[in-house]
Each structure stands twice: as structure tokens, then as C-alpha cells.
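Work through the exercises below with the model open beside you. Try each task before you read its solution.

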Amino acid sequence: MFADIKGLNEECGVFAIWGHQEAAQLTYYGLHSLQHRGQEGAGIAVTDGEAVNFHKNSGLVTEVFNRGELSSLTGKAAIGHVRYSTAGGSEFANVQPLVFQSQRGALALAHNGNLVNANMLKQQLEAQGSIFQTTSDTEVLAHLIKRSGLFNLRDQVKNALSMIKGAYAFVIMTEDGIMAAQDPNGLRPLSLGKIGDAYVVASETCAFDVIGAEYIRDVHPGELLIINDDGVESDTFTSSTNRAICSMEYIYFSRPDSHIDEINIHTARKNLGKRLAAEAFVEADVVTGVPDSSISAAIGYAEAAGIPYELGLIKNRYVGRTFIQPSQELREQGVKMKLSPVRGIVEGKRVVMVDDSIVRGTTSRRIVQMLRDAGAKEVHVRISSPPIAHPCYYGIDISSKEELIASNYSVEEIREIIGADTLEYLSIDGMMDAIGRNPKEQNCGQCLGCFTGKYPTEIYPDTVLPHEKELVYK
């Protein structure tokens, strides 16, 4: 019926630092803290002011840098990247940072997000003579920069950024400095920090905590930061901005110890659970969350409902990032390897199972069945977000309504499919209020596209599957 995975994966995480003699080592630790944002590839590029050197490969950060590679990456500045592929695939050529050489020096790029007009721009650039070395949409920016006809790099970058559409948090490094750019809607998180005299940029503030950096502020939508030996300068590449950060950053993607717009992720998720209990209370004996992203919401639900929170589900932390199952029987076993019910907690109990989302429904059905097999008398599923009924075009790998169970079935039908006694979702207004947004404000400061089908940017025809073009509107 639906794909055999949960299916919410965010594209990647970026990190940059300027002015520290251990730039590569700090970037390594920063990327390690951002590993949850991408597990398919990792890379670091450094500069000593004269040249740009880099190392990257497929795999986790600890796998890519496990043979002394960091010792050869010397310099006072670095950018790094962890990748989950949505646009372009996972082949080695697409692992970032992408590094380009020219007569004027080197240019290294790392990108978090997805460009909705990448295919159109590639066609135009190829018609003008560009030859692409990767299938990643990130490479589009490099070609736009070099083909701008402008002499000053800042103007080249601003001109290129004004031409791309979609979700992007870019970090760009040359021998002379680092630039960091946030798309006009601020769809992906990006923050500025400082450690000693060095400046740091990262997808999440948890990376600052790991290296002992101080958080300064979030990068603003449409802002371009220029960081070099003179410090930090703020510029803009557009005056047309409209804050619309991805709601799933608060619900699912970001680490609980991160802050976005000065809102703590754990607190936001706990408040989501509290609001969910107010909207969808059910008599039960225990509340449990699906590890890891749903734990905070489950704690909030339990507190508000006055029902004990228990570890009814345990995640096996030693299962590899990719579990290749050659048969349906082994695929079924794979879920049990990653997640196990605690029989002593759920047996004979009415259980509220809190999860952050239901994408395809397959995983939810199996978890409900595992709880029943462990002796749960009742299983009530509560979801701390509204139904995901529309594709995402901004870097999350749900690009088709056919993949989404909420696009094809009612809540009651989904309840029957997953085998729960009851199923309730959080309302959109409840979600916005719990996170700390005003749902009456235009666009709410968040992207609600996957819930409502209304997107903060234009969605270009070649981004949409042919049979869904009539369903997408701005």
C-alpha cells in the first residue's frame, strides 16, 4: 500500500567557522552534533588563506573521518556538511561541500534545503554552455555565481541568490572569507555564533553547545552574512521576505536541545503534547512516546492528562543507519530490531502511544501491533501534528500525494489501517499556539504546506509529478 519506511528525512546540515586554528576539528564536532540531519555523506573543506583543501565521502561523520584525515585539513576556516539526499541522489559526486577551482581562486559550497526551480535553471545554464559535474541542485548556485558577469564576489553571490527559489541555507567559502545566506522565507534554520574571536554558522544551535560557542542570533530571511578577518557584516539580497520556517523542524527534525527563533525545540514539543492532551484526551493507564523525536511530546501529554509517562518503547541504538532487507519477512523483522516494546510496562494496560507524525502508515501499524503483542489491552494513537496530506518540495523526501496516507484516507480509515483503538491528530491552530506562533498572522511565520497544500513559494512545473500538477498552488 505504502512504502515500507516512515519516510520523513531532512536533506542535510551545514556548519562553518572562520578565524580558528582548529577549524577542521571544530567542524568535525559540529557536524557530529548535526548527524541526525543526514547520514549518507559528510565532508569538510578548509582554507589557510592561500588554498582550499577538502575531504568528503559517503557515510557517517565518524566513518568519513576515521583515518587521520583531519590532520591534513589545516587552516583557520572551514565549512562542513552532512547529507541526506533528496535532490540528485546519494552518489559520491553529490557529497558536499562542492569545491570549484578558477583563475580567481577556489569556491566551496554547502547547502541545506531544496531549490524548486533548479531544473529550469539547469536547462538555461546548459543552453549557455555550462557543464554540470553533479546532479545536485547545489551546483546551480556555483554556475550562477561564475556566469553573472559581475566582478565583485559579493555582488555575484547576491545576484545568484536572487535567481534561485525554494528552501536554502548556504555556506560559501573562499580563501578570503565565508558567506552564509538564508532564503527569503527562512524555510531552513541557520544561526550565527562565536567562539573566542572566531565566528560560527550552523544549521542548529546544538552545534554551538558541543564546541563551546556562544549563540548570537538566527540568520534572517533574505540575509547574506560576510565573515572574514574584519568580523561579520550583514547584507541583504532581497527586500521581499516572508518568514515561513518549516513546521517539521519544531515537530520532528531538529534536536531537542536546539533553539529556532529563540524557541527551544524540547519545550515546543512538550507544549505540542500538552495541547494534544487538551484536544484529544482519552482514559488510559500509561503514556509512551515513539523514540526519539516523540518523547518530548509524550511527556507533555502525560503531564497535561495526569497519566503516568513510561518507557513503553525502547530504541536499539546499535542498529546501523541502513538496514538492507532482502525479503518481506526480514523487513518485518527490521522494525523489531530497531524498536522493542517493554512488556512489563504495557501488558494489561490501556496505552496512549504518542508519535510526531504519520507519513505512510506502515511503521505506525507495526508499532501498534507490537504493543498489542506485548499485551497492551488498548492502544490509543495521538499525533502531535496535523495530518501530512500534501507533498513537500523544500528538502523533505515526500514528493507525492500517493505516498501520504492522509491524502488517501480519512482519520477513521487510517485508524483502521494502523489497528489503533482510537486515533487523533493535533489541530493546525493548536500546533501554532503550542509552538508559540500566532495562527492569525499571515503565514504564521511557518510553512504549513504539507498540512494545507498552500506553499510560501511558487512551485515550478518540473518540480511536481505530472499527475499532481493541478493539485499544487501557491
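This is a predicted model: local features need pLDDT of at least 70, side-chain atom pairs count only at pLDDT 80 or more; totals for chains, interfaces and linings use all residues.

Residues are numbered from 1 along each chain as its sequence is written, and side-chain values use heavy atoms, with hydrogens and water left out.

**Exercise 1. The whole protein**

Task: State how many helices and strands the protein has, and what share of its residues is buried.

Solution. Start with the DSSP runs: helices are H or I runs of at least four residues, strands are E runs of at least two, and both are numbered from the N terminus. The protein has 16 helices and 23 strands. Next, apply the burial cut-offs: buried is under 20% relative accessible area, exposed is over 50%, and partly exposed lies in between (1.4 Å probe, protein chains only). Of the 474 residues, 57% count as buried.

**Exercise 2. Helix 8 and helix 9**

Task: Describe how helix 8 and helix 9 cross.

Solution. Two packed helices are described by the angle between their axes and the distance between the axes. Axes are lines fitted to C-alpha atoms, for helices over the stretch in contact, and angles run from 0 to 180 degrees between N-to-C directions.

- Step 1: helix 8 spans residues 265-279 and helix 9 spans residues 295-305; their axes come within 6 Å and cross at roughly 45°.
- Step 2: classify the angle (under 35 degrees is roughly parallel, over 145 roughly antiparallel, 65 to 115 roughly perpendicular, the rest oblique). Helix 8 and helix 9 are therefore oblique to each other.
- Step 3: look for contacts, meaning heavy atoms within 4.5 Å. Residues of helix 8 including His266, Arg269 and Leu276 meet residues of helix 9, among them Ile299, Tyr301 and Glu303.
- Step 4: sort the contact residues by class (Ala, Val, Leu, Ile, Met, Phe, Trp, Tyr, Cys and Pro are nonpolar; Asp, Glu, Lys and Arg are charged; the others, Gly among them, are polar). The contact of helix 8 with helix 9 has 7 nonpolar, 4 polar and 4 charged residues.

**Exercise 3. Helix 4 and helix 5**

Task: Repeat the steps for helix 4 and helix 5.

Solution. Helix 4 (residues 138-146) packs on helix 5 (residues 153-161) at about 125°, with the axes 8 Å apart. That angle makes helix 4 oblique to helix 5. Leu141, Leu144 and Ile145 form the helix 4 side of the contact, and Leu153, Gln156, Val157, Ala160 and Leu161 the helix 5 side. Their classes are 7 nonpolar, 1 polar and no charged.

**Exercise 4. Cysteines**

Task: Find how many disulfides there are, then decide whether Cys246 is buried or exposed.

Solution. A disulfide is a pair of cysteine sulfur atoms within 2.5 Å. The count is 0 disulfides. For Cys246, the nearest cysteine sulfur is that of Cys392, 6.0 Å away. Cys246 has 7% relative accessibility, so Cys246 counts as buried.
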